[in-house]
Amino acid sequence: MATNSLFSSDIDEKTWVDYIKKMATELKNEVNDVPVCVFHVPKSLSSARPEAFVPQLIALGPYHHFRPELYAMERYKIATANKALERYNYNKEVEELVNQLKDQAPRIRATYHKYVDVKDETLAWIMAIDSLFFLQFLHTYSENESTNFLHPSSGNHLVRSAGHKLTKDGIVRDLLMLENQVPVLALKMLLCSVTCSTSKPTPSANDEDLASLFMSFSKALLPMTLQSHASEIKDVMALQTHLLGFMYDLLVPEEKIIVTCEKSSSVLQIKGDEEPKKDTFFIKTYKGVVRTFLKLISLLIKPLKWILGLLKKLSKLNLPNFLGPLKGPLQLILGLADIGSWCSPASESDDGSPPPIIMIPSVTELYNAGVKFKGIKGGVSARNIKLEKKMNHAAIFYLPHIKLGVNSEVLMRNLVAYEAMTKSNYLIFTRYTELMRAIIDTEEDVKLLRDSKIIESDLLDDEIAHLFNGMAKSIGPTETPELDKVIKEVNRFYDNTRSVRAYRAMRKYVYSSWKIFTLMATLFVLMLMGLQTFCTVYSCPRILHTGS
């Protein structure tokens, strides 16, 4: 008799029991003083573009190390790791270095968010080879030698002289991915083991060397100009994260967050949601007239609908010969009714689509309303994103200067993922990407930001627009009071410009008057129909002639 066993042919009960015993032992001896820093990106963040979070050439660490499609680069990694040992004058066997890391395997394992189900020796070999490769790549990248060790002598078909640039960019993108990070803890352990065999450096010396490598790489890859001092770099290294975390802390300096009593909304309102502060005499008078007619329409709307329904039925019937002249006026009335319904402004939620995360005018709309743009050097912070109002209904919108390249999208997406996993309350970089997505709609918006020295890039305008517009598909709404305040100020300034107020007034009061015009036209045509019918029966020309 067939049984519905919990265990498949690939796993039996004894194997399962052994696995649970092993996990229970490891959890009992789990290290709690090491912070988790290498996170597994949830699908809610990676589903929009999975290839931006999964390495395509080089796997660093245990998460993707055993993927078959990446195994072809293992020989290349080992060759690069040997060059790193030569750089550090390490003459001992690699097994000795692996044994030292093996003793620290529980601490290395604790830095990973997802459980690393490999033996300590396997983990030690992975971290030894990958850490050495990582350090050698950073050294050669900072020395502008990255194309030199991408030499065909490695024997890998992916590394050819014609594909140096392509391969280099692919490796750089893999190094920027959150799931592919090498913990600083493992790097410090390896540096201590390697350098202590040839000299007696202090731990601070290794930290400074590592910080220097990270800083050189970050300056070349970060999209914004850095203004960090040596003391700030040491503080960043003390956080014990990884290269991506180092870059995030440089890009988003910590600030004192002022919490106000005003409740901020995750979805900001766009132009037209606020009433103009003052109305002219004409608008006030027009409002009164419109209200009066609207009240009249509310009284007549039901009988008018009944009349229009009756007219539609009459238009479909074969009318007698003496009522034939009515067919033309009937079509005219129904046409006017259709025009009225077509011209009525529909609500923004009629299509059922959810509102954007941030609703703000585009760059082109703001520019036409008198807003100029100016770039600021520095990271993503509230002080670098601000609106400065000028005289004569003008303003300057300050945004961080950003330099975009072929690797920028991968970096920005992984910075957003890292922020989401580590910063639960203040997601300012995520909010910044949402703001850029909201103000960039077309290539013309990108061109204006280029001319304002906010965006610098070799990418095409449509590629940049696509980059930012794609970011919003993988992130949800966030709350950053200071940045939200700036966005509201921009909306308020835009709403209060004369051209926008005039357009809003016309849209709100003139377009809504089509119902009134439709009613008046319908009554007028009905009156003409009555007159035509009367004249058809009683011969109006003869009556008028007799009367004269």
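User: What makes F134 and F214 count as buried or exposed?

Analyst: Both F134 and F214 are buried. Buried means under 20% relative accessible area, exposed over 50%, and partly exposed in between, with a 1.4 Å probe and protein chains only. This is a predicted model, where local features need pLDDT of at least 70, side-chain atom pairs count only at pLDDT 80 or more, and totals for chains, interfaces and linings use all residues. Residues are numbered from 1 along each chain as its sequence is written, and side-chain values use heavy atoms, with hydrogens and water left out.

User: Why is the pair F134 and F214 called edge-to-face?

Analyst: Rings of Phe, Tyr and Trp (its six-membered ring) pair if their centres lie within 6.5 Å; planes under 30 degrees apart are stacked, over 60 edge-to-face, the rest tilted. F134 and F214 sit 6.2 Å centre to centre, with 85° between the planes. So the pair passes on distance, and its angle makes it edge-to-face.

User: What does the pair of F134 and F214 tie together?

Analyst: F134 lies in helix α6 (residues 120-142) and F214 in helix α9 (residues 203-221), so the pair ties together parts 80 residues apart in sequence. Helices here are DSSP runs of H or I, at least four residues, numbered from the N terminus.

User: Which residues do ring pairs link into a cluster?

Analyst: Y76, F133, F137, Y141 and F217. The whole structure has 10 aromatic pairs.

User: How do you know that K386 lies over the face of Y398?

Analyst: The rule asks for NZ of Lys or CZ of Arg within 6 Å of the ring centre and within 35 degrees of the ring normal. K386 is at 5.4 Å from the ring centre of Y398 and lies over its face.

Technical notes
Helices (H or I, at least four residues) and strands (E, at least two) are DSSP runs, numbered from the N terminus.
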